[in-house]
Amino acid sequence: MQQSWILHRTFLKNMTDKIFNKDSFLAQAIEVSLADLYHVRSCVVLAPHPDDESLGCGGLIAMLRNKGVDVTVIVTTDGSQSHPNSKMFPPDKVALIRREEVLAACTILDVERDKIVFLDGIDASLPSKGMYGFDPLVKQLSAILEKQEPQLILVPYELDPHCDHRATWQILNGALKNFRSTKVWEYPIWLYELAEQEDIPNLNSGELKKLNIENFLDAKIEAIASHVSQTTKMIDDDPTGFILSDDVIAHFTTNYEYFIER
């Protein structure tokens with residue numbers, strides 16, 4: 001998660017009352033179970049940054065792996081810009097640290113190392129539709145989808161308030177032309193904290209789903225904690241650096257995960 005976009009949105013939120021009513025939004029969710037995914041043999045998870053896979057859908061990942069489902073995690077950016085002013089941890093070093101952190105998190109969630117793919121987009125600069133570099137990423141993702149043949153794809157919500165999250169959704173949308181029968185579940189990350197009016201989903205009844213992950217919550221919490229550079233002051237020489245606050249993490253450490261299927 002890149003900090004300048006988040007700081008900008010946070011400033012705007014501090015200037016106004018919070019627009020998004022999380023409780024009201026989540027109250028419309030219908031409960032589903034793993035039985036509703038009985039047909040899923042292969043799942044592809046798209047994470048804009050190392051940590052989004054654990055926050056947004058770590059419980060479902062662990063649940064699917066427990067049932068023997070093949071899970072591939074694709075990280076679209078290198079996460080290098082979380083502490084841009086650090087002298088001890090320049091961007092290339094941060095990228096290496098975050099790569100190791102996502103490998104550790106996925107090990108906890110029982111995802112095999114050869115099923116973790118790094119597209120190495122630059123954090124906070126992942127190209128969206130129409131930008132230079134977008135089409136090659138679509139082509140690269142299309143090749144992965146063709147190989148994995150997933151019945152389920154997990155991706156950030158289309159208008160999740162972060163530029164890399166939106167670009168990741170757009171890259172997937174571009175790659176899906178040959179996979180229209182694939183089920184896509186979108187997971188929110190920054191919607192809870194940074195939504196503006198135009199970001200809020202306008203959903204039909206039944207399009208917001210909740211999945212009980214209670215039996216896999218401990219693994220999810222451990223996976224989140226493995227992203228040490230984002231959850232602690234390990235990088236302590238950049239006062240403007242990004243850290244996941246306890247309040248933000250708390251959105252994702254309940255007994256339920258939430259997904260949008262449109």
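The expected span here is 1.5 Å times one less than the number of residues. Helices are DSSP runs of H or I with at least four residues, strands are E runs of at least two, and both are numbered from the N terminus.

A word on the source: this is a predicted model, where local features need pLDDT of at least 70 and side-chain atom pairs count only at pLDDT 80 or more, while totals for chains, interfaces and linings use all residues. Residues are numbered from 1 along each chain as its sequence is written, and side-chain values use heavy atoms, with hydrogens and water left out.

Back to H6: which of its residues are buried? Among them are Asp 164, His 165, Arg 166, Trp 169 and Leu 172. Buried means under 20% relative accessible area, exposed over 50%, and partly exposed in between, with a 1.4 Å probe and protein chains only.

Now please look at H3, residues 52-66. Its 15 residues should span 21 Å at 1.5 Å a residue, and the end C-alpha atoms are 20 Å apart, which agrees. There is also a kink of about 80° centred on Gly 58; the bend at a residue is the angle between axes fitted to the seven residues ending there and the seven starting there. H3 is mostly covered, with 14 of its 15 residues buried. Just after this helix, Gly 68 has a positive phi of about 85°.

On to the inside. The largest nonpolar core has 57 residues, and Cys 43, Leu 60, Leu 64, Val 71, Leu 152 and Leu 154 have the most contacts inside it. H3 gives the most to this core, seven residues. By nonpolar core I mean a set of buried Ala, Val, Leu, Ile, Met, Phe, Trp, Tyr and Cys residues joined through side-chain atoms within 4.5 Å. Leaving out residues up to four places away in sequence, Leu 64 touches Leu 34, Leu 37, Cys 43, Val 69, Val 71 and Leu 152; contact means heavy atoms within 4.5 Å. Apart from that core lies another, of 21 residues, including Val 44, Leu 126, Ile 153 and Leu 172. That brings back Leu 172, one of the buried residues of H6.

Finally, the whole chain: ten helices and eight strands, with 56% of the 262 residues counted as buried. Residues 24 or more positions apart account for 86% of the contacts with a separation of 6 or more.
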